[in-house]
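Subject: Structure handover

Hello,

Here is the structure I said I would pass on. Please open it first, then read the notes below.

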Amino acid sequence: MNTAISNLSHAMQRKAIGILVDTVLKQVNKDREKGFLDAVDLAEQFWGKGFSKEDYDKVRAAIKDPNNKWIRYINRVLDETHPNVAKTAIMNLGYEAFIRGTKTIRKNREIYNCNIPWLILFDPTSACNMHCEGCWAGTYGNKHNLSFEDMDKIVTEGKALGVYLYMLTGGEPLVRKKDILRLAEKHNDVEFSIYTNSTLIDDEFCQEVVRLGNITFQLSIEGTPETNDARRGDGHYDAVMKAMDLFKKYGIIFGTSICYTRYNIEAVTSDEFLKMITEKGARFGFYFHYMPVGNNAVTDLMPTVEQRKYMIQRIRYIRSAESDIEFFPMDFQNDGEYVGGCIAGGRNYFHINSAGDAEPCVFIHYSNANIHDMSILEILQSPLFMAYHEGQPFNKNHLRPCPMLENPELLQEMVHRTGAHSTDLESPEPVEHLCGKCAEYASNWQPSADEIWNHSKHKKKPYENYKKSAENKAVGA
């Protein structure tokens with residue numbers, strides 16, 4: 001980082017960066033290529049050795065190529081995003097989270113000898129106005145809520161550790177719309193990203209989001225009107241379309257959240273579907289493999305081996321230069337190689353449910369820590385979280401990253417060893433029951449996963465955030 005700026009206080013640094021960002025954005029409006037090149041120079045100045053010189057030069061070459069898919073993508077985002085939303089995202093995600101936050105987090109991992117996450121996921125409420133097939137949250141009801149003070153504590157303590165990205169799930173987070181807007185205003189230096197079913201989004205809410213600038217969205221959708229409403233209920237598809245139109249109208253950044261199952265996987269990855277949501281304004285999407293969580297989970301929704309192999313190929317193709325679809329998909333289960341395997345347990349993220357229970361993952365409903373009587377740091381040093389820290393990566397094959405879905409014996413061992421209890425808010429689920437539903441799946445997936453992994457080239461990341469001895473403990477070592 002520029003020495004003069006690095007010696008300033010955080011507040012002064014942010015102000016100085018803000019002035020530089022304003023200058024670059026003005027340049028972008030006049031001359032896109034020069035503005036983008038200035039932005040790369042700025043990133044190199046402040047991030048330095050976070051990337052190699054070769055990486056920066058590749059970005060510069062892409063900027064100078066008028067046919068580059070991802071430069072067209074960035075141009076489209078800039079053209080469609082409200083200026084306040086664009087600048088705030090650059091400041092909060094770019095400066096606070098990626099640059100300053102990442103350096104702080106890495107330093108704190110060494111100081112405290114535990115996982116420190118890059119983002120924290122929390123549920124403002126268990127309440128949801130929908131009851132989707134196979135979803136545990138829709139059955140909870142309005143039993144639990146994090147108070148505004150709880151949420152404020154999570155963000156305040158997280159920022160002290162370097163965490164500047166917070167994702168909100170539920171239930172339906174926008175049941176707590178007023179408190180979320182209040183939280184985003186108080187912590188306007190962090191980025192909030194909300195997973196929502198879209199049904200509570202209106203003009204008044206969008207106007208507040210634009211004013212604040214630091215909220216983005218992932219809208220739940222599952223393919224065609226037929227495949228979507230079959231699981232989520234009649235009329236939901238239309239509600240998502242309306243929300244997309246509103247976000248595009250107001251220049252609000254949004255993506256999609258898609259749970260792929262045995263019955264919708266083709267519909268949610270088709271060219272027609274992806275081009276439709278891209279035209280509607282969605283620029284990125286998270287794909288989540290269906291997880292058989294909860295005593296009433298519908299195991300028949302789990303994808304087949306062939307479908308998972310298809311998903312790996314399909315997502316990589318959409319991201320490639322060969323595809324003309326300007327949409328960036330991320331696959332939570334199959335993109336493990338790019339993040340070093342399992343990111344849960346605070347390695348890159350963790351989850352706090354609406355009762356305050358701190359869970360290693362949104363899909364792992366076991367805990368021995370609660371935000372009501374522990375700090376964020378104490379949670380990260382609690383027994384189950386430390387078991388994750390000591391055990392990651394759970395498999396050297398990052399197509400088998402999860403200690404539940406692909407290595408179910410490992411989750412059982414950690415839960416028993418640490419004395420963690422079930423945090424399911426409806427019906428406590430024994431870990432043997434949960435992992436038992438995954439055993440056959442894991443066994444069936446292993447041969448294909450190993451074949452794909454062993455015949456692929458892999459580039460070791462310069463920074464992986466594993467405990468030094470963990471690699472020797474990984475399955476397959």
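Pro 383, Leu 384, Ala 387, Tyr 388 and Glu 390 of helix α16 are in contact with Leu 411, Met 414, Val 415, Arg 417 and Thr 418 of helix α17. Sorted by class, the residues in this contact of α16 with α17 are 7 nonpolar, 1 polar and 2 charged. Please keep in mind that this is a predicted model.

A pair of packed helices is described by two quantities, the angle between the axes and the distance between them. For α16 (residues 383-391) and α17 (residues 408-418), the angle is about 140° and the axes are 9 Å apart. Angles over 145 degrees would count as roughly antiparallel, so α16 is oblique to α17. The crossing of these two helices, α16 and α17, is right-handed.

The loop between α16 and α17 contains Pro 393. The peptide bond that leads from Gln 392 to Pro 393 is cis, and its omega is near 0°.

On the α11 side, the contact is made by Tyr 237, Met 241, Met 244, Asp 245 and Lys 248. Helix α12 contributes Met 276, Ile 277, Glu 279 and Lys 280. By class, the contact of α11 with α12 has 5 nonpolar, no polar and 4 charged residues.

Two further spots in the backbone are listed here.

- Gly 170 and Gly 171 are joined by a cis peptide bond with an omega of about 15°. Gly 171 is in the loop between β2 (165-168) and α8 (177-186).
- Ser 198 is not a glycine, yet its phi is positive, at about 85°. The loop that holds Ser 198 runs between β3 (191-196) and α9 (203-212).

Last, the cavities. How many cavities of 30 Å³ or more are there? The count is 2. The second largest cavity holds about 40 Å³ of space. Which residues line the second largest cavity? They are Val 293, Phe 363, His 365, Tyr 366, Ser 422, Asp 424, Glu 429 and Leu 434. By class, this lining of the second largest cavity has 4 nonpolar, 2 polar and 2 charged residues.

To find these places in the viewer, you could begin with the loop between α16 and α17, where Pro 393 lies, and then go to Ser 198 in the loop between β3 and α9.

Regards

Terms used
Residues are numbered from 1 along each chain as its sequence is written. This is a predicted model: local features need pLDDT of at least 70, side-chain atom pairs count only at pLDDT 80 or more; totals for chains, interfaces and linings use all residues. Side-chain values use heavy atoms; hydrogens and water are left out. Axes are lines fitted to C-alpha atoms, for helices over the stretch in contact, and angles run from 0 to 180 degrees between N-to-C directions. Helices (H or I, at least four residues) and strands (E, at least two) are DSSP runs, numbered from the N terminus. Angles under 35 degrees count as roughly parallel, over 145 as roughly antiparallel, 65 to 115 as roughly perpendicular and the rest as oblique. A crossing is left-handed if the near helix is turned anticlockwise from the far one by less than a right angle, and right-handed if clockwise. Contact means heavy atoms within 4.5 Å. Ala, Val, Leu, Ile, Met, Phe, Trp, Tyr, Cys and Pro count as nonpolar, Asp, Glu, Lys and Arg as charged, and the others, Gly among them, as polar. On a 1 Å grid over the protein atoms alone, a cavity is a set of points where a 1.4 Å probe fits but cannot get out, and a pocket is an open set with protein on both sides within 12 Å along at least five of seven lines; lining residues have an atom within 4 Å of a point. Grid points are joined across faces, edges and corners, and a volume is the space filled by probe spheres set on the points.
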